[in-house]
Amino acid sequence: MRARKALVGRKGLRCAWLLLTGAAQLMLLAACGSQPPPGPYVDKDGTAHLPPVSVPASRFMSPEARAKLIGHFSHPAAPPAAPPSGPPDYAAMRADDERRNAPYVERAKVLYPVNIEEKVIGGVRTQVITPKAGIAPENRDRVLINLHGGGFIWGEGSGARAESIPIAGIGRITVIAVAYRMAPEFKFPAASEDVAAVYRELLKDHRAASIGIYGCSAGGVLAAEAVAWFEKEGLPIPGAIGTFCGSAAALGGDSSHLAQPLVGDQPFSGADSDSMSGQPYFEGASAKDPLVHPINSPEVLRAFPPTLLIAGSRDFMASSLYATQAALADAGVDAELHVWDGMWHAFFFDPDLPESQQVYRVVVSFFAKHLGAH
């Protein structure tokens, strides 16, 4: 009995010591014989601790999108893959991107017949995409610049066409897809310089107000960077831009932690760190530079034209778009945000999804409203 009392006494002293020193909640609970909270909880640092949870496909998704979600992402649970050894095989990455997007391009050509012409504009390689049905009369003086996605590493071929063909076909407008310089061969600000070179050439025949710029993922980031670059270079601001699946803010926020698990992948290790490691295009650049992330400068944001922001709720970049839309609105910019529930990063590359077709109509309507309006 005496030994038991001594043990209880030592345990009580240990609990008091943990309380006095502010030790971690879980350590305290374990040492005092209690269990951690049975459900989710938020600790003193604001970190949410989540138990295993099952999240069904959104009931707001179309049946087609639900089937594609299952087809794309369904796989047995597996341990995280070991980091690759040796230098990245960029050629293989680019070839894989071409392969994955090629079926979308072929399908888009059937749904939205277009002509595609390779052309050098301002010293930069481009693809000029025009609808076979002809340019709509109201769009004869308008043009759109597409900036493809691909992490500033790949995407200039089928990726650019997948982003451009539906918009050119539905909008009956010319879309110029820019093959900007990418990593690892080139670093920031090479892509911004290339967009500016094409833009300068187009300004010879078009008013700035009649030119729109849009892109997905890295292209959405670049669309925002381009506006900041134009400001620095003293170029007139375009009539409107679209930043899809990427925007003027860095990767971070809730989506950088939650979106990847919702499509069966691991969260990004650099989420919310503001680190640019692992991004070869931005090697040597600063995440605080407004030419990299324009959200860092309210003055830069105030000069932005009307901006369309698009994401899926399971897009790892969604929080970046939320933050950008809020910052643009605070700066007095017309910033229009559309989010499709349950959808993943760059989902609208698939032209057969009803959600993709909604995206195309939103994009076409936005630029029809804003280009040439001032």
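Predicted model: local features only at pLDDT ≥ 70, side-chain atom pairs only at ≥ 80, totals over all residues.
User: Which residue does Lys 44 meet in a salt bridge?

Analyst: The idea to keep in mind is a side-chain nitrogen of Lys or Arg lying within 4 Å of a carboxyl oxygen of Asp or Glu. In this case the side chains of Lys 44 and Asp 45 form such a pair, at 3.9 Å from N to O.

User: How many salt bridges does the structure hold?

Analyst: There are 16 salt bridges in the structure, and a few of them can be taken in turn. One of them pairs Arg 94 with Glu 185, whose closest N and O atoms are 3.0 Å apart. Arg 94 belongs to helix α4, while Glu 185 sits in the loop between β6 (175-178) and α6 (190-202), so this pair ties together parts that are 91 residues apart in sequence. With 24% relative accessibility, Arg 94 counts as partly exposed.

User: What should I notice about the salt bridge of Asp 194 and Arg 181?

Analyst: Their side chains meet at 3.1 Å, N to O. Asp 194 is part of helix α6 and Arg 181 is part of the loop between β6 and α6, so the parts tied together here are 13 residues apart in sequence. Asp 194 is buried, at 8% relative accessible area, whereas Arg 181 is partly exposed, at 28%. Elsewhere, salt bridges with shared partners join Asp 96, Asp 97, Arg 99 and Arg 100 into one network.

User: How do I read the packing of α4 and α5?

Analyst: In general, a pair of packed helices is described by the angle between the axes and by the distance between them. Here helix α4 (residues 90-111) packs with helix α5 (residues 158-171) at an angle of about 25°, and their axes are 8 Å apart. Because angles under 35 degrees count as roughly parallel, α4 is roughly parallel to α5. Their crossing is left-handed.

User: Which residues make the contact of α4 and α5?

Analyst: On the α4 side they include Asp 97, Asn 101, Ala 102 and Val 105, and on the α5 side they include Ser 158, Arg 161, Ala 162 and Ile 165. Sorted by class, the contact comprises six nonpolar, three polar and four charged residues.

Note on methods. Residues numbered from 1 in each chain as written. Heavy atoms only, no water. Axes fitted to C-alpha atoms, helices over the stretch in contact; angles between N-to-C directions. Helix = DSSP H or I, 4+ residues; strand = E, 2+ residues; numbered from the N terminus. Parallel < 35°, antiparallel > 145°, perpendicular 65-115°, else oblique. Left-handed = near helix turned anticlockwise from the far one by under 90°. Contact = heavy atoms within 4.5 Å. Nonpolar A, V, L, I, M, F, W, Y, C, P; charged D, E, K, R; others polar. Buried < 20%, exposed > 50% of the residue type's maximum accessible area, 1.4 Å probe, protein only.
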